[in-house]
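Take a moment to look at the model below before going on.

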Amino acid sequence: MTRTIRIGTRDSELALWQANTVREQLEKSGYTTTLVPVKSTGDIVLDKPLYELGITGIFTKTLDVAMLNGDIDIAVHSMKDVPTALPKGIVEAAVLKRAATQDILVHKGLDFLDNKGIIATGSLRRKAQWLHRYPEHTVVDLRGNVNTRMKKLEDNDWNGAIFAAAGLQRINLTPDNFIDLDWMIPAPAQGAMLVVAKEEDAFCLEALSLLNDKETQECVAIERDFLRTLEGGCTAPIGALASKVNDVEYRFEGALFSLDGTQKIQVEETFSLGKHEGLGKKLAEKLLDEGGKELMKEIKEILKKD
Ligand SMILES: NCc1[nH]cc(CCC(=O)O)c1CC(=O)O
């Protein structure tokens, strides 16, 4: 039987690159595929309200709806954009081998670091960590896809802007000046790609199981358990990274920051793969006990007002 797997994708350059990567890997394993660029959510009508289906993420909503509607079979996402709870009927089918996890600063010269600088980012996590390290600096809001943000950096007199290294590498965008921010804790699952499919679609689940990278899958699962336990439906400045230290050891590092960057509550632990059941949740609970509960409450209050 030949069935064509319809791969749903948003139409940004990064989304298309990621969907094409999955497409190539499936074709290499002998599957027939096609790419389906998906229109925005408003164009598609479902017979149930979105909240009833558990659909939440702003980047992933459109593709979730298209999948439940039967217009696509699988969808490819930057895993860090995917809410920690998937909609009913949609499951994680494969986590691809992770690329670079770190954030980078694209800049126009680094003299400003010791003075008063202006840094652009739309991420609360990046803003809080930047201000934690450089309290004298100003952070301005910057949104849009990677290409848009790079253009805005050129057009403004900011000193720099922060990006995920993986996003720039994927679209071959090599800035003239950049530095790795290895002190900055990335977003949970940064640099990983997730392919989702319908729970009932055994054909696609089997095809995608070939693409799964177990090490990446286990590491991002810890990071997302940590996030899920902390956040309770609120977007807070949270970083988490599980990474390999040597052949036998892995290390988890996670932190919660106040929005202004003055407070940081951090947890870390060394572990081995396969023996980390409940680690993300356990460390999130430790963080909550060490002042995280109060800080999360404070963050929610401030975000509610904005
Ligand atoms: N929030 C947008 C987004 N989602 C995924 C990536 C890049 C790829 C990745 O981090 O996995 C980016 C761009 C960025 O954060 O600079």
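Let's begin with one pair of residues: in this predicted model, Ala-120 has Ala-161 of β8 as its bridge partner. The strands involved are β6 (residues 118–120) and β8 (residues 160–164), which run parallel and are joined by 2 bridges.

Now step back to the sheet around them. It is an open sheet of 5 strands with mixed pairing, in the order β7-β6-β8-β5-β9. At its edges stand β7 (138–140) and β9 (178–181); each has a single partner strand, so one side of each is left without a neighbour in the sheet. On average, neighbouring strands are turned by 30° against each other, direction ignored. Helix α4 (residues 124–133) lies across β5 (103–107), β6, β7 and β8, and runs at about 170° to β7.

Next, have a look at helix α1 (residues 13–28). Its 16 residues reach 22 Å from the first C-alpha to the last, close to the 22 Å expected at 1.5 Å a residue. Which residues of α1 are buried? They are Ala-15, Gln-18, Ala-19, Val-22, Arg-23 and Leu-26. Seen down the axis of α1, these fall within an arc of 140°, so they line one face of the helix. On the other side, Glu-24, Glu-27 and Lys-28 are exposed.

The table lists elements included in the cover over the buried residues of α1.

| Element | Residues |
|---|---|
| β1 | 4–9 |
| β2 | 32–37 |
| β3 | 74–78 |
| α6 | 165–170 |
| β10 | 193–198 |
| α7 | 202–209 |

Finally, α1 is followed by Gly-30, which has a positive phi, near 95°.

Technical notes:
Residues are numbered from 1 along each chain as its sequence is written. This is a predicted model: local features need pLDDT of at least 70, side-chain atom pairs count only at pLDDT 80 or more; totals for chains, interfaces and linings use all residues. Two strands pair if DSSP finds at least two bridges between them. Helices (H or I, at least four residues) and strands (E, at least two) are DSSP runs, numbered from the N terminus. Axes are lines fitted to C-alpha atoms, for helices over the stretch in contact, and angles run from 0 to 180 degrees between N-to-C directions. Two residues are in contact if their C-beta atoms, placed from the backbone, lie within 7 Å. The expected span of a helix is 1.5 Å times one less than its number of residues. A residue is buried if 20 or more other C-beta atoms lie within 10 Å of its own, exposed if 12 or fewer, and partly exposed in between; C-beta atoms are placed from the backbone. The arc is that of the directions from the helix axis to the C-beta atoms.
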